[in-house]
Amino acid sequence: MTSPAKQAWPRLRVADWSDTRDTLHMWAQIIGKIRLAHAPLINHWWQVTLYVSPRGLTTSAVPYRTGAFDIEFDFVDHQLRIRSSDGGIRQVGLAPKTVARFHEETMRALDELGIEAPIQSHPNEVQTAIPFAEDDRHASYDPAAAHLFWRQLMQADRVMGRFRSRFMGKVSPVHLFWGAMDLACTRFSGRTAPPHPGGAPNCGDWVMVEGYSRELSSCGFWPGGGEEGAFYAYAYPEPEGFAEYPVTPAEAFYSEANGQFLLPYEAVRTADDPDGALTGFLQTSYEAAAERAHWDRATLEDDPRRWDDRR
């Protein structure tokens, strides 16, 4: 019998939902850019991200004039839900439709709520940046696949959140960057880093300079890079000996092409202890960065259970 812990990690082959994934990626870019239009800059672009919610992905509260609004992809009822602090609500159905139609329906819903949303007209970090209003190429939406993807994100978010709690230094939330559509969490040593060379497609190099302005160790989950997606971990700048560090579990490997450690999602899903397998990968890949770059680990780390006996 499969344990409840293993049942929580769903199977979703990338090949079975790549068209839906690519359409959802463009939809997420539109929603992320709406947040970007109104949220003030926070270091490393943390103000633009989406977050895993109990029903999908959310912007969280976005400041607007003297109020706020939020936008959530609901992958249970398959609606895009926009809520304003003045009480207004609008919904856009999540169903097979072009990016152009999704863009038009979303902008109309915002206009009906009195929310201006001046966004860049095309996506970033993709090779072919079709303007949203003209994108009739991406038009797939499989609700079952979108629901399974959200369940993958929930498990990754849960384990990565526990891993994040061990770090006392500067550390990002666990959040989804819509540029590459990856769930990420990043720890920082406290030292500056050399300017990043950039090179992401349809994305200014200055964006990467801001994102990588401090020495870091980053981990995350991406719905690609493996049969069912992949967990990743990298360091910037990459210290000498990083790639040779003994990272667990056995299925993890260093990809020269990607400049990072990778762990296939299916290796976690099928492990006897999925949480333990992923935690091991996150911890040992972080140690590869922290040890090889000589981080002040005694200052930066602590036990998240340190006050349990006082509760």
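The model is predicted, with local features requiring pLDDT of at least 70 and side-chain atom pairs counting only at pLDDT 80 or more, whereas totals for chains, interfaces and linings use all residues. Residues are numbered from 1 along each chain as its sequence is written, and side-chain values use heavy atoms, without hydrogens and water.

**View 1. Packing of helices α4 and α7.** Helices (H or I, at least four residues) and strands (E, at least two) are DSSP runs numbered from the N terminus. Helix α4 spans residues 143-164, and its axis lies 10 Å from that of α7, at an angle of about 45°. Axes are lines fitted to C-alpha atoms over the stretch in contact, and angles run from 0 to 180 degrees between N-to-C directions.

**View 2. Residues at the contact of α4 with α7.** Contact means heavy atoms within 4.5 Å. Helix α4 contributes R158, V159, M160, R162 and F163, and α7 contributes D275, L278, T279, L282, Q283 and Y286. By class, the contact comprises six nonpolar, two polar and three charged residues. Ala, Val, Leu, Ile, Met, Phe, Trp, Tyr, Cys and Pro count as nonpolar, Asp, Glu, Lys and Arg as charged, and the others, Gly among them, as polar.

View 3. The structure holds one cavity of 30 Å³ or more, and the largest cavity has a volume of about 60 Å³. A cavity is a set of points on a 1 Å grid over the protein atoms alone where a 1.4 Å probe fits but cannot get out; lining residues have an atom within 4 Å of a point. Grid points are joined across faces, edges and corners, and the volume is the space filled by probe spheres set on them. Among the lining residues are F163, L282 and Y286. At least two lining residues come from each of β8 (182-192), β9 (214-222) and α7 (274-292).

View 4. The bond from Y236 to P237 is cis, with omega near -15°. T248 and P249 are also joined by a cis bond, with omega about -5°.

Terms used
On a 1 Å grid over the protein atoms alone, a cavity is a set of points where a 1.4 Å probe fits but cannot get out, and a pocket is an open set with protein on both sides within 12 Å along at least five of seven lines; lining residues have an atom within 4 Å of a point.
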